Amino acid sequence: LEKAQAYLRETNLPEGALYFYVLDQDDKLVGVLPVRALLMSSLEKQVQDVMQKRVMTIPSSSTLLDACEYFALYRFLSFPVVDDE
């Protein structure tokens, strides 16, 4: 988490970012790291220890109506959009 926080200090983030999506070395989505967890957890912890591993995603083949249904049904503020890989 210490390295993640240091990286974020050097990066221009979009205003209002609430989550960070965690990718493995093959660029596969493996988790979601809420900003609050990043800021409130001990810096000695690993990202994998505090990230949420169950990730709700929207398939890239979804329509706009499908995406709207996800937001209405689950009441999340954002969803990662992923392809079949």
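Predicted model: local features only at pLDDT ≥ 70, side-chain atom pairs only at ≥ 80, totals over all residues.
I number residues from 1 along each chain as its sequence is written. Local features need pLDDT of at least 70 and side-chain atom pairs 80 or more, while totals for chains, interfaces and linings use all residues, and side-chain values use heavy atoms, with hydrogens and water left out.

**Fold.** I looked up the elements and got four helices and four strands (DSSP runs: H or I of at least four residues for helices, E of at least two for strands, numbered from the N terminus). From the N terminus they run α-β-β-α-α-β-α-β. The C-alpha trace spans about 40 × 25 × 25 Å along its principal axes.

**Burial.** I checked the 85 residues, and 21% count as buried (under 20% relative accessible area; exposed is over 50%, partly exposed in between; 1.4 Å probe, protein chains only).

**Aromatics.** I searched the whole structure and found six aromatic pairs (Phe, Tyr or Trp rings, the six-membered one for Trp, with centres within 6.5 Å; planes under 30 degrees apart are stacked, over 60 edge-to-face, the rest tilted). Phe 71 and Phe 79 make an edge-to-face pair, 4.8 Å centre to centre with 85 degrees between the planes. Phe 79 counts as buried because its relative accessibility is 9%, whereas Phe 71, at 35%, is partly exposed. Tyr 74 and Phe 76 pair up too, tilted, at 6.3 Å and 35 degrees. Tyr 74 is partly exposed at 35%, and so is Phe 76 at 38%. I then looked at grouping: Tyr 70, Phe 71, Tyr 74, Phe 76 and Phe 79 form one aromatic cluster.
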